[in-house]
Structure formats: structure tokens, C-alpha cells
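Let's take a friendly walk through some side-chain contacts and a strand pairing. Have the sequence and the 3D view open as you read.

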Amino acid sequence: MSSNTPNLNLLKVNPVTDGNDTFNIDTMLNDNWDKIDTTVGNKVDKVSGKQLSTNDYTTAEKTKLSGVATGANNYTHPTGDGNQHVPATGTSNNGKVLKAGTTAGSISWGNVNGSEVVEDATHRFATDTEKVTWNAKETTTGSQTKADAAVLPINNRLNTESLTSINLAAGQQILNATKNARLQGLKVQGRTLMPLLSDSFKTDSNSDGMADGWAATLYGATPSLVSINGGKAQRITSTAADTGTPRRLERNITVESGKRYVALVDVVTDGTSLAHLAAASGTSTIINATSVTSAATKTHSVKFMPTTSGTIILRLYNYNGLGTVGWVQFDSLRVIEVSASDYISFDSMTSDQIAQRWPFVPPGINGVDGLWVKRYGRNLIPPFSDQAWVLHVYAKVAEPYKLIANPTGSSQRSNITLNVIPGQRYTFSQGDVASTVTYFLIVDTNSTGTILASTNGVTSTSFTAPASGIIYIATTNSTAGSFVYSNPQLELGNAATQFQPREDSLIAFGGVELHANPTDGSEPDILREVNGRYEVTRLWRELIADGTLPWEYHGTATGYKVVKLPKLAATFAGDNRLIGFVTKYNGISLVNTPSSVNVFAAGADTYRQLTSDANFYLNIASSDSGWGDSYTPSVDEIKAYFNGWKMALSGSTNPYNGTGTKVWGYQSNLYEGNTNTVPTTAVPNWTPYQLLYRLAAVTTEAVQEDGSLSLLEGDNFIEVGSGYVSRERVTPSTDTGNWYINNDPSLYSPGGDSRLKNKAREILNVFKDSRVGAWIIEKATTAGYGNSRANQPPAMYDPSASYSVSYIKLDKSPVPSVTGFYAASEKAQLRDLTDGVTEALARVSVVEAKKAEKDVPAQITPTLLNGWETYSSSNAPYYYKDTLGFVHIRGMVKSGVNGSPILTLPPGYRPSATAGIESISVSNNGSGVLIGNVEVDYKGRVTPYSGGTTWLSLDNIPPFLAVN
């Protein structure tokens, strides 16, 4: 088969396939030659020694080349500055730049130094400091981590109910709170103190300068009783003429072998004189029974455990050296039996801790009575109008925190004394401009103490509280004139804050007494908050064994009588004895006798009640009662004894034996209060027998609190105390000018007698018809019954109103620790707020219900006592108060014992304390109807004294006005 060549397209035949074909001269030869000839005719011949090019030499190029001048390609490069060639790079100049040299035309490769770069406003180098700062900048991941960490506690506060527990000790302390919050979950355990000796040095019958019961070895020193805090203190003053040392007073006490005791006495000195307390047996001092001799104002204390029963001597010393003049002063001496654990702990306790643990309490049985917890305002200074301020005669209160003074000379001061925490930092500030003429002084303890700070020339000053725990703050002036003192503020810490008036917060439980086993503190009564209300789990019952109880005569033994009470609902120990404690009118503890000792062989000043006995028995010495062995006292005469009276044969101090004329006088002094008729009222200031016993069954009682306690964010100055009395009814007295509450006629006779039931340490509020009244509360140690009195101008006094007083008693009782908690997160605070609103609404509903009850009196079913039972369901006993405030008692009871209370009316349903309600009763003894009598006393006890017990009707008790 034929083919063509690729370049000239010449025809080719295949000899194998085309060999037999006819040879065509045109196609095979002529045509091929024509093609070759044409192609060759278009080619340029190659010249020897020259090369051929594919480029065409055009006319234009020829013309251009013709225009080049002769010698145009003969070029020589300039050699001057700016015309040099780039130096060779070599291998060592990598990354370098050309740099001009110092002479013209010189260049070289080199690095650029930082100093060679010119900076401008937008192009600058970063310093090392700036680089460190930039390197420290948070990365995105780091920033998020930190943000998450910062938000976490906020989320926790919002999402978690966080509570902070607190424990408040007795007395004063600082508590730091992380939030403004309310104290919740309050819990308090009872405690009971029964001092073996409780001596307040109150009486000096023979005016020898020594309290009754004390003997002296003074070597010429002078004893005297001085007035303090509504009471007395024993002072011993050494003189330059004294003939010996150490000077002392002493008295005996009776102790028992193997028992553990502590003795304490509060001591004040003149600042340099030395005081000392010791306990001795005969002429020897008992081991561990000597206090450290000191000139400090503090509580001295010793402990001792006698190895034999008998007499111990307590000694109070002025330990000044011979020829040294000075005084030491003793107050509130007490001796208390303590537990084994407390006896060991004594050695590691400070003086203040010992004083708090064993405070001075009156003779007898003392529980935690009237607990209160107070958070003082951020500003610890009360207004100038407060009773705590002692104002100068030339000073006048213009506003609560503004005092105008017009002194006629220098240093005419108004002052206030405040308690502080020793060692704590405080800041005092004033609202006036800084002055060197009028300012405030802060002094240790009193006006003669060391100056701690002043605002002389400044408006605020900080100081450390002294060891005495007392500061004296006074206005002062350097010249006569007219001056203004305003906005004094004392606060915790080292910085003054914006002035604010003092605003305290208080929660208190008046009328609530909490006990425990006096021996070791076990099985305490417990006061606690439950769902916003307060209740007491009570294991102990205290009984005031006075003349209101149904005493009966039981029998006579040589030298004493046995009297009895109906059986108590009590718990008994393993030997079937009552678990209980009894104190006599003088505070001495009586002996609990077992069943193995016959009641007529036990001796005087003993008691017992056994599981099998129907009565509680008490043995009374004839020397105490005045009942001779041959005389049987009547029920009324027994009651008179328990009200503080002593019987005697007229014209003598001998017991009455049934012949001659009977006479009665005070137990403390037979020649006082003499009468020939059986007394029916208690002797003034009488301290009756007291009985504390363990209840057979635990009871729970609802109690009413006064106020609530709130905490401030930051430091809080808090005090835990006892002795609060809530809204005690009182009748004001007058001197025909002002009206007074708690005036003591023995101190200010024109003011009349308006004493409260107890000496007042501080009157907190006076209420007029249940609302706070406009009374001036004053510190009145020279006229008030205690330290406080209230007065009101006659124009403001309303004789038709009812008045009551809340106050703190001067007499002390044990002070416990208090536990609780507060809301420490926002969610917990929100929960607390919600609960508080719920509680408030619940209380409002209670008030509304009580209002409805007053409008439509509700019938209240009482708890029957002492074996009394409901006679029938159709005559079940009940009581109610009508709209006029009169109490009605109705119903029928049975099966009790005359002389034992049927029921006890609650506070607010009781008659006057000065007049009980007596009425005729109708009853049945199984044989017929009897006429008897029923009494309702001021404590609300409804007691039949005669008549039958098969059934007894209460319907004849007349309605009476509830005033107690």
C-alpha cells in the first residue's frame, strides 16, 4: 500500500503490496520532483563558516541598525561616588544589607543596629518592661479560666444555701460576720448553781465596818462597807500606824470530805495596794488554795478539796507592806461545789474565764433565768439622753447626739462609762471640727485613770482597750464659754466611719429558767428554735417552797418537826430516793435521806421522798421554826414559817411549847415585825426554801421571745447575759411632781414606793397599755431600787393607763454559751427572708386569732394536775377570758387531794399578785354534798382546801380580772 513522506508529502509505494501495480510516471516521479524543486527553490544557501537562523532579518531591523553611530558600543562605566558596583555577596553576607561607609563611595555588607533605626510616633521600639508586660498578658484560655474561677464563688452563693455556725460565750465578745444576717437556730442548755456560800457583804448590824459573820486581824487597819452597783463591798484600808501584817478578815464555812470546791471574790484596789484570797484549815493554808497577790482589779480565786469534813476558814487580805497606806475592796464572795472535770479545768482557765464560769449568784438554787443576747450597734455610744450619761449641771441635751454646754470654768465634764474588750482596737470620732478648746477624753476605768486617747486638735483617734475592760469617755473644755458636742462615735477597729446613731439588736426570754443537774451539769433543760418559734425541752422543775403550798404537819422528833407536801411527779434514783436538791432560806443545801433512815431519826435540815411514799417530807429545826417539842403547829403556822416568820414565847426568844402567849417575828430578826396573830403575808425580801427535782417525764413547752437578733457584716460587739424580765406590771408613784417607776422609798421617800419585784440593773423599756411609753430612764443608784429608775413629768402621766416594764435584774444567775447559725450565702439569705415572712404571717394570723378569741372568747381545756381528773365529758373543765379581761372557770373534776392544785392558769389569766381569789365550792364525798373552798392564787394555781373529791364543781369560782 502506498504512503507519503511527512515533510514534502512525496508519494511512496510498498514493493510488497504494490509490486504488481502499473508504474505511473506522473505520480510516482514527476509529481515528486516538482515538490522537491519547489521546496529547494525557497531555501537560502548556507555560507561556509556561518550559521543559519530561524529569525527573518526585516527591513525595519536593517534601518534601525543603520542608525547606530560609529563606536556606539565602546562604553566605559563611571567610577565616581554613586557609580560603584554592588560588592560580591559571598557566603558570609547572607541576610545583611548594604551600608554606606564613612567616606564617599565606600559601601559594604553589614547588619543594622537598633541605634541606627530612626523612630517616629507610629513606629517605635518596645522596651524590656513593655515586653514583660505584653508577655504577661492573659491568653484567651487563661482569661476564661480566671473568669470561671471568679464567677464560681458567686454561683455558689447564688445556688448553695451556705450557713455559718457560731458559738457565743457568756459575757462580752467580738464576732465577725460575713453578711448582714439574722441569728437562727439558737440553742441554749440549762445550768444550775447552788453556792455553798454567797456573801455580798450587805449587812453590818453592829456598825463595826465589817459585814456580819466576819472576824478580823487588822493590826490597826480600817474596815468599812462601801456602796457599789446597788449593793455593798468590804474594804480594808491599811494605815501608816499599823502594827503588823498581813491584815485580814475571815469567816468559817462547813465543807465535806472528798468534795471539790472553788472560792471566788471580785477585787478592786486603789491601783497599788495588794489583795489576796486564801482558804485555810486551822492555821494552815490548804494546798492550791492561795490566790496570787495582786494590785489588779480582777477576780481572785482558789480551789480546794478537803480530806476531812469540818470547818474551813476563808481569808481576805490587804497585803500591803508595813507602813503602806492604801485600800483593797472585796465584793461578791462565793464558794461553789464543782465537778471533777471543772476542778481539773480550773488550773488552765484565766481569771475572766473563771469569773464567767462561776458568777456570783444569790443563795439557793439558781438556774439560767431570763437569757438575753445583745448585739450592740456599730456605734457603741448611746445618745446623750441615755441613762448611761452623767451630764454636768451646765450641760443640756439639745438633740439625741447633740450636747450644749455652758461651762463657767475649764474641765466641766459630762461623761459615760462603757465596757470594752481588753486588748481590742477601737476608734473614737466626733462630729465637730477639730479643736484644742473643746474635745473628748478617753480614760482607763474612771476620771482618775490613764488617758488612752483624745480628740484634742483632731476629729478621730484610735486606741487599744485597757486590761480593766472599762473606759471613761468625757467631754472637756479648756476655757469657759458656750460649746457644742455632737455625734460622738466609738467603733471597733482602726478607722472612723460615717456617723450613725447606736442601734442595738436584742433577743431575750423573760420568765424562762433553765436547769441542769447541779452536781455535774448533766441532763440540762434545752431552749431551742424550732421552725421559727422557741420551745423548752424541760427535764427539771423548780418549786418555790413558800407559804402558798399545801403544807401539812406530819410529826415531831426531838429538836425538829416533820412537815409534808403531796407527792411530786419526780424521777427516783436507784435507792428509790428523789433525784432532787433542796436549799433552805439561807441558801444552805439540805440532806437527801435514803429509805434506810427513818424520817424521825434523820435529824433537822433533811428531806426525802421515796418511790413508795405519798408525800415529800421536810425536817425543820425547832430553833428555826420556834415550835417547841411539845407543840403541834397548825397549817397556817406552818405556812407562816415558809413565808419567813418565826414563832416564840412572848417576852423571850424561846420556842413556844403550848403555854403562854405566841408571838411571831422575822426569821432574820425575831424583834422585827412582831405580831400576836398568825402572819399571812411573806416577810419583806424573804428568800424561801427552794426545791429542784428531776421530772418523771420530759415535757416540751412553747416560750415567747422578745425581739430578734441581727448581725452586721464585719465585727459585732455581742454580750450574752441573764436576768431579763419581760413586761412586769408596775404602779408608778409620785412626789406630787414627777411620776416614778422603781423608786425606792428608803432612798427617796417623797417619791413613794414603785419598786419592781427585783432590783434593776437596767430598765430597758416602759410600756403604756402595751406600747412603748415616753418615760425618761435614768441611772439612779441613789434613788432607784437597784441601778435604774424611770420618771415622767405630770403633764404626760396618764393615771388611767396600765404600765409595765422590761428590765434586767441586778441579781445574777448563771450565763450559758449560745449556739446558732446565720445565712452566709445569698441563697441562704433568700431562704431566711422567705422563712421570716412566713413566720411573720403566721404570727399575724395568731394575733388575728387572739383578737377573734377576745371578741368571741375561746374555751381553753386545761391540763389537770396531781391526780385530778375530768368528772364527765359533759362537764369537762375549761376556762376563758371575756372581752373585758375577766377570767371564767367552769366544769367538774374528781379523784384529787385537797390542798393540791387542780390546774395552773397561764400568764395573762391570773389574778393580782396582792390578792388571790377565794370562793365557796360545791362538792361530794360519796355520801352527800359538801361545801368547801377553792382558791386561785397569783401564780394561777386553782387549789381546793376543803370539801369532797368524789366530784367538785368549779362553777362557783367568781369571774376575776386577769392582771398577772
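Which residue in β45 is the bridge partner of Leu-649? The bridge partner is Lys-662. Please keep in mind that this is a predicted model.

## A pair of strands

Leu-649 belongs to strand β44, which covers residues 645–649. Four of its five residues are buried, so β44 is largely enclosed by the rest of the structure. Strand β45 (residues 662–666) runs antiparallel to β44, and five bridges join the two.

## Salt bridges

Side chains of opposite charge can pair when their charged atoms come close. Across the whole structure, a search finds 25 salt bridges. In one of them, the side chains of Glu-116 and Lys-99 meet at 3.4 Å, N to O. This pair links distant parts of the chain, 17 residues apart: Glu-116 sits in the loop between β4 (107–110) and α4 (128–136), and Lys-99 in strand β3 (residues 97–100). Glu-116 counts as partly exposed at 41% relative accessibility, and Lys-99 counts as partly exposed at 24%.

Another salt bridge joins Lys-584 and Asp-624, with the closest N and O atoms 2.5 Å apart. Lys-584 lies in the loop between β40 (580–583) and β41 (591–592) and Asp-624 in helix α8 (residues 622–625), so the pair ties together parts that are 40 residues apart in sequence. Both Lys-584 and Asp-624 are buried.

## Aromatic pairs and a cluster

The whole structure holds 29 aromatic pairs. Phe-346 and Trp-358 make a tilted one, with 6.4 Å from centre to centre and 40 degrees between the planes. Phe-346 is in the loop between α6 (340–345) and α7 (351–357), while Trp-358 is in the loop between α7 and β21 (366–369), so the pair ties together parts twelve residues apart in sequence. Phe-346 is buried at 9% relative accessibility, and Trp-358 is buried at 2%.

For Tyr-879 and Tyr-909, the ring centres are 5.4 Å apart and the planes are at 75 degrees, so this pair is edge-to-face. A further group, Trp-551, Tyr-585, Trp-627, Tyr-641, Phe-642, Trp-686 and Tyr-689, forms one aromatic cluster.

## Charges over rings

Arg-235 lies over the face of Trp-327, 3.7 Å from the ring centre. Lys-303 lies over the face of Tyr-343, at 4.2 Å from the ring centre.

Technical notes
Residues are numbered from 1 along each chain as its sequence is written. This is a predicted model: local features need pLDDT of at least 70, side-chain atom pairs count only at pLDDT 80 or more; totals for chains, interfaces and linings use all residues. Side-chain values use heavy atoms; hydrogens and water are left out. Buried means under 20% relative accessible area, exposed over 50%, partly exposed in between (1.4 Å probe, protein chains only). Two strands pair if DSSP finds at least two bridges between them. A salt bridge is a side-chain nitrogen of Lys or Arg within 4 Å of a carboxyl oxygen of Asp or Glu. Rings of Phe, Tyr and Trp (its six-membered ring) pair if their centres lie within 6.5 Å; planes under 30 degrees apart count as stacked, over 60 as edge-to-face and the rest as tilted. A charge sits over a ring if NZ of Lys or CZ of Arg is within 6 Å of the ring centre and within 35 degrees of the ring normal.
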